[in-house]
Structures are given as structure tokens and as C-alpha cells.
Amino acid sequence: MEPRTCRQALTRTRFPLSSWPWRSVGYLASGGIVGAAVCLLFLVLAVFSLFAVGLPLLLLSGPALGGIERWRLRLVDRDPAPDPHRVPAAPGLAAWLRVRVGEQATWRELAYGLLLAVVLWPLDLLVLAVGVGLPVALLSAPFRLAADGAETKVVKAYLVTSYPEAFAAALIGAVLLVALAYPLAAVAGARAALARALLAPRESDGRDGRIGEVIASRARLVDAFEAERRRIERDLHDGAQQRLVALTMTLGLARLDAPPGPLADQLAKAHAEAGQVLTELRELIHDIHPQVLADYGLGPALADAADRSAVPVDTDVELPRLPVSVESAGYFAVCEALANIGKHSGASRAAITARHADGVLRLDVEDDGRGAADPARGSGLTGLADRIAVLDGTLTIMSPPGGPTVLRVEIPCPALPASSASSSPRTASSSGRG
């Protein structure tokens with residue numbers, strides 16, 4: 001298997017005859033050139049930063065340098081380093097700047113640029129001077145002696161006056177060129193590993209990006225779900241309900257005009273059925289999205305739900321207006337809890353407590369029933385728990401055998417300012433039953 005990096009190539013017997021030593025030399029040489037240019041650029045931008053002009057360019061020079069360095073990595077690492085940056089969600093320079101400034105990868109690239117400008121490029125040139133310059137100087141001794149005539153100095157230290165000495169120096173240079181190729185490639189591999197560690201994507205970068213996308217998509221799904229719920233409610237209210245009202249009135253008038261007999265009886269039966277369908281449709285519309293929730297908020301909607309409950313309910317609700325998705329999720333969680341209390345608990349009384357404090361909505365629904373509630377048995381609360389989890393909330397059920405049962409909903413959310421709420425915060429405290 002062919003080596004993928006120069007560090008892997010060091011373990012192969014044919015390393016001196018392969019292209020990896022020359023790749024390492026090219027990587028270090030180009031690093032010295034790029035580093036010197038970056039050092040000069042940073043000095044210029046630092047001067048202009050005194051006038052608040054070069055600071056943005058200094059901060060954002062990291063991504064440009066990161067792209068160059070990831071491209072240079074191909075010399076000593078065949079595995080490409082992907083770009084760690086995210087694509088801005090909106091076009092334009094302002095959106096691009098916001099995304100780049102908020103990314104960890106941008107600051108790692110800037111840190112790498114400063115390290116390259118101060119430390120790495122002089123180190124690259126020093127390694128090249130020792131690993132390549134010294135052997136080449138020794139190898140050139142015969143040519144320099146021939147050019148100078150009588151004598152020449154090798155590496156500014158050793159005086160050569162004869163060709164045997166010059167060829168001996170050249171032989172030493174050839175041995176050193178092969179021997180020093182190993183530490184030179186090791187340094188190049190270490191430099192490449194450092195560059196990859198700072199400039200390639202990290203798992204946390206991808207995870208943070210994915211988490212951000214998941215959170216944003218979940219919020220969009222919740223908003224789309226609420227919009228669709230309201231559309232269905234509006235269509236039923238303005239369409240099917242109005243037609244049923246007209247049908248009920250028509251059947252009522254026909255019933256009054258019909259003479260006594262089988263036809264009148266059938267019209268009376270049809271009129272009663274239409275009225276029953278209209279009542280059920282109104283209940284369905286109310287359950288889809290009650291108008292009181294949209295107009296007045298969660299507090300009055302919970303009081304209305306308590307009044308409609310089959311079990312007497314005490315309410316202690318003090319809430320401001322909250323985001324629509326939060327109010328809807330909290331309302332339907334309480335309605336489901338009240339429905340379960342009426343069907344399964346055997347309770348004689350229930351209580352609703354609702355507060356918004358420290359940026360968290362807390363809803364408690366308690367009953368004095370038999371307890372031992374299990375959401376896994378199809379109570380409908382599992383779906384509600386999933387819906388609340390979409391809002392980063394939690395649904396907890398405490399139901400020991402013998403009761404009492406407490407359902408608690410906690411959803412982190414801000415309170416809406418009074419100017420953006422359709423009505424002022426309301427306080428509801430009542431006791432009622434459906």
C-alpha cells in the first residue's frame with residue numbers, strides 16, 4: 001500500500017529514492033516563502049489597525065491563509081483537508097462576516113497565521129539550511145575549487161586546497177544528503193500534522209453546525225405545524241361550519257313547512273343529526289386551536305380548559321404572553337392531561353398551576369385520583385412529550401400508586417414584550433367544571 005503521508009513514507013526502505021524527500025523540501029521551502037509574506041502582511045495590517053482600518057482585515061486574513069495552507073498540505077499529505085467553514089445562510093458580505101467571525105475555525109486559522117509569521121517560517125528555513133544547504137555546500141566543493149583555482153572554503157569554515165579534499169567533502173555531502181532526508185521529512189510531517197490539527201475541520205465544528213441546523217429546522221417545523229393547524233381551523237370555521245349552519249337552517253325551515261307525517265319525521269331526524277354534526281365540528285375546531293388562546297394567550301385558555309373539564313379544576317395561573325408555539329404546546333399538554341384525568345384517574349378534583357419565571361414556563365396539573373399513570377400505555381402524552389422536546393422542554397409525570405398524580409411541563413422561553421402581545425398579561429384564578 002502506498003504511503004499517504006511523509007511520516008508513513010519514513011518507514012519504507014525506498015524512502016530516499018521516492019518523491020517524499022523532495023515533497024518535504026518543497027513543503028518547507030514554500031512554508032518559508034508563505035510565512036515571510038504573512039509576517040510582512042501582518043506587520044502592515046497591524047500598523048493600519050492603529051487607525052481602525054486594518055483590524056477587520058487582520059481578523060479575516062485567517063480564512064485566506066487557511067485555504068492556502070490546506071492546499072500546501074497536499075505536498076506531504078495525500079488526504080485532502082476539507083474546508084471547515086460553513087456556507088452562510090444568506091448572500092452578501094455582511095452575512096459572510098457574521099458567520100466567519102462566529103466560527104471557531106476562523107480564530108484557529110488566525111492563531112495559525114500568527115504562529116507561522118513568528119515561529120514556523122524561520123524554523124522551516126533553518127531546517128532547510130541544515131538538511132539541504134549543508135549537504136549541497138559540501139557537494140559543490142569540487143566545482144568551487146575548480147572555479148576559484150587554488151583554494152575554497154566549504155561552509156565558511158573548512159579550507160579546501162586540493163581535489164582529493166574537495167571530493168572527500170562531496171562524498172560527505174552525499175551521505176549527509178541521504179541521512180538528513182529522514183529528520184527533514186520528520187519535521188515536514190510534524191509541521192503538516194500541526195497545520196491539519198488547526199486548519200482541518202474538527203468533529204465539534206461539524207457537530208455544532210449540525211446542532212444549529214437541527215435546532216433551526218425544529219423551530220421551523222414547529223412554526224409550520226402551528227401555521228397549518230390555524231389554516232385548518234380557519235378553513236373549517238369559514239367553510240364547512242358555515243355550510244352546516246346553512247344546511248341546519250334549511251332543514252329547520254323545511255321541517256316547519258312539511259305537513260305532519262313520515263316526511264316531517266325524517267326532516268326532524270335530519271335536522272337533529274345536522275345539529276349534532278355542527279356541535280361536534282365546533283368542538284373539533286375548538287380543539288384544533290381555540291380562539292381564546294390566539295386572542296388572549298395561555299392564561300385565559302387554561303381557565304377556559306378548566307371550565308370545560310369533566311372534573312372540577314382549580315386554577316392558579318399567572319402568565320404573560322409567550323411565543324405562539326410555547327403557548328400552543330403548553331395548552332394542549334394541559335388539555336391532554338385533563339382528558340386523561342376525566343377518563344382514567346377516578347379523581348374527584350384537579351388543579352392547574354402555571355408560572356413563568358427565570359425564562360421558563362412551568363405548568364403543573366395535579367389530581368387526587370388512583371395514580372399509577374403510565375404514559376407508555378397509550379395515554380397520548382408520549383406525543384406531547386416529543387412536541388415539548390422540540391421546544392427544548394420536558395414533560396414529567398409523577399404518579400405513585402394511590403396518587404396523587406402530577407404532570408409537570410417545563411419549557412424555556414422568553415416572555416413577549418407588552419407592545420408585541422395582542423393583549424396585556426392576564427391573571428386567571430378560578431374554580432370550575434365542564
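Strands S3 (residues 313–319) and S4 (residues 350–357) run parallel, joined by six bridges; pairing takes at least two DSSP bridges between the strands. Strands (E, at least two residues) and helices (H or I, at least four) are DSSP runs, numbered from the N terminus. This is a predicted model, where local features need pLDDT of at least 70, side-chain atom pairs count only at pLDDT 80 or more, and totals for chains, interfaces and linings use all residues. Residues are numbered from 1 along each chain as its sequence is written, and side-chain values use heavy atoms, leaving out hydrogens and water.

**Around S3 and S4**
- Glu318 has Arg355 as its bridge partner in S4.
- S3, helix H13 (residues 324–345) and S4 form a left-handed β-α-β unit.
- Val313, Thr315, Val317 and Leu319 sit on the covered face of S3, with Asp314, Asp316 and Glu318 on the uncovered one.

**The largest core**
- The largest nonpolar core has 35 residues, and Leu302 and Ile352 touch the most other members; such a core is a set of buried Ala, Val, Leu, Ile, Met, Phe, Trp, Tyr and Cys residues joined through side-chain atoms within 4.5 Å.
- H13 gives the most to this core, nine residues.
- Leaving aside neighbours within four places in sequence, Leu302 is in contact (heavy atoms within 4.5 Å) with residues including Val317, Ile352 and Leu363.

**His85**
- His85 sits in the loop between helix H3 (54–72) and helix H4 (93–101).

Key. Buried < 20%, exposed > 50% of the residue type's maximum accessible area, 1.4 Å probe, protein only. Right-handed = clockwise from strand over helix to strand, strands pointing away.
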